[in-house]
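Welcome to a short tour of a protein model. Please keep the sequence and the 3D view open beside you as you read.

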Amino acid sequence: MTSKQAWGLGLAALASFMMALDSSVVTTVLGTIRQDLAASVESLEWTVNAYNLTFAVLLLTGAALGDRFGRRRMFAVGLAIFTVASAGCALSPDIGVLVASRALQGVGAAVVLPLSLTLISALFPPQQRGKAMGLYLGITGLATFSGPFIGGVIAEGLAWQWIFWLNVPVGLVAIVLTARRVDESFGPNTRFDLGGVLLVTLGAFGIVWGLVRGNAAGWSSAEVLAALVLGAALVVGFVLWERRTQAPMLPMRFFRARAFATANPATFGLYASLYGTLFFLAQYFQTVLGDGPLDAGLKLMPWTATLMVCAPIAGRLVDRYGERTFLVGGLLLQSIGMGWITLVADTDTGYLEVLPALVIGGIGLTMAMPAAQKAVVGAVQPREIGQASGVFMTLRILGGVFGVAVTVAVFAGVGSYASAEEFSSGFTAGMGTVTAFAIIGMLVALGMPGRRPATGTVTADAVAQDERAQL
């Protein structure tokens, strides 16, 4: 690894670390925030949803801005937005300001995260990309690993504002180092696809709004149905626009590559299963098993630790054995782990009965993540990686929003928070749902091409040339 590659990978991983830590810590201090700001359950929910909403809606736009105005420049701008918004969260006098600041955090993250993946993919050749993404996920996994524990400590002994203050010095250092250590690069299009940006932004907003509001307003309500239908119609309009415009932000020919067309929906299922599990697992430990926030966070660590430990190993092996093997195998292990929990979880279930399932599921997720990322960015030309990264990140977040919304709906239809018994019934049904998401993702991933030479193009001629070069 060259010095330039090391700095680029380190800064991309640092940015991802900030945002992963912020997300995982927030979920464990919601109760403290509710008491301190006298927030209702509905407004408290928006401290999570406001971030997810702006994040998912603006991901493709963030990638397009980086391609047009410079990836290094927009990466630094996104870091600045996220840092300022974090200070706003820490200084929030009421829940309304906190929700608004969280939405602004989502804007910054929507610019930073797809460009972090673009920086890595542009710095490393295809044969090294899986290893680099494994290291990237491993560092991100450190945040995921430590987040529940840090959240528990903050919830039980420190001011919740510190979960946001931590971002400020880290963000400032990352901005300075980015300006000094990362070279500027641009995407293939010098024109900004304003029509595509408006259509995909409004379309994604409608879909995410419908998913977020479905359980509260009712899935058959006029608000939710109108949002989903209008969002879907605008996405169709976006596809038609992109097929006709001269400088599309998302060339539709990407979907002619089988790896791109299958890895992205498989990723949707992967993250639907992951976030559905993450939403309820800590609550199960607290509501059914009677643990406090700190104990619940500690019990999650064997699950989250696999990402930090196994991701770099999985990334290297993906380079050797191919993406399909690891994406299918990882989703299979996630299905087994969550299916195990579905069968054994009850009010009298001991932690040791679910511990093997947590480890199995965690290893599966760790196997699948770098494989999915490598398959998507490896299906396009190097100069188009930014656009492909935006699609990948958008479907990843939409999958998470969808997974939480559907799992919550299933939980509400079977159980409730009224007692440990009723929560356990709903939790079991929810775990069955996340198991189904993983199985569906695995079936889609079976359609991916088998092991192939690492290539940065979607054309058959270039694949053949690469094969001849290796021979």
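## Before we start

This is a predicted model, in which local features need pLDDT of at least 70 and side-chain atom pairs count only at pLDDT 80 or more, while totals for chains, interfaces and linings use all residues. Residues are numbered from 1 along each chain as its sequence is written, and side-chain values use heavy atoms, with hydrogens and water left out.

## The second largest pocket

Let us begin with an open space. The second largest pocket has a volume of about 380 Å³. Here a pocket is an open set of points on a 1 Å grid over the protein atoms alone, where a 1.4 Å probe fits, with protein on both sides within 12 Å along at least five of seven lines; lining residues have an atom within 4 Å of a point. The volume is the space filled by probe spheres set on the points, which are joined across faces, edges and corners. Of the 17 lining residues, I207, V235, T394, L395 and L398 are the closest to the centre of this pocket.

Which elements give two or more residues to the lining? They are α9 (194-217), α10 (222-244) and α15 (385-414); such helices are DSSP runs (H or I, at least four residues), numbered from the N terminus. The largest share, five residues, comes from α15. By class, the lining has 16 nonpolar residues, one polar and no charged ones. In this scheme Ala, Val, Leu, Ile, Met, Phe, Trp, Tyr, Cys and Pro count as nonpolar, Asp, Glu, Lys and Arg as charged, and the others, Gly among them, as polar. Domain 2 (191-250) and domain 3 (253-449) each give at least three residues to the lining, with domain bounds taken from an automatic or database domain assignment.

## Two residues of helix α10

L225 sits in helix α10, and at 43% relative accessibility it counts as partly exposed. (Buried means under 20% relative accessible area, exposed over 50%, and partly exposed in between, with a 1.4 Å probe and protein chains only.) L225 and L211 are 14 residues apart in sequence, and their C-alpha atoms are 9.9 Å apart in space.

A226 also belongs to helix α10 and is partly exposed, at 46% relative accessibility.

Helix α11 (residues 258-287) has 30 residues and reaches 44 Å from its first C-alpha to its last, close to the 44 Å expected at 1.5 Å a residue. The expected span is 1.5 Å times one less than the number of residues. With 21 of its 30 residues buried, α11 is mostly covered. F260 lies in this helix and counts as buried, at 0% relative accessibility. Between the C-alpha atoms of F260 and M448 there are 8.5 Å, although 188 residues separate them along the chain.

Why is α14 described as largely enclosed by the rest of the structure? The reason is that 20 of its 27 residues are buried. Helix α14 covers residues 351-377, and its end C-alpha atoms are 39 Å apart, which agrees with the 39 Å it should span at 1.5 Å a residue.

K299 is part of helix α12 (residues 293-321) and counts as buried, at 18% relative accessibility. Its side chain is joined to that of D291 by a polar contact of 2.8 Å. A polar contact is a pair of N or O atoms within 3.5 Å; within protein, one must be able to donate a hydrogen and the other to accept it, and residues adjacent in sequence count only if both atoms are side-chain atoms.

F149, in helix α6 (residues 126-157), is partly exposed at 34% relative accessibility. F149 and G297 are 148 residues apart in sequence, yet 4.8 Å apart in space, C-alpha to C-alpha.
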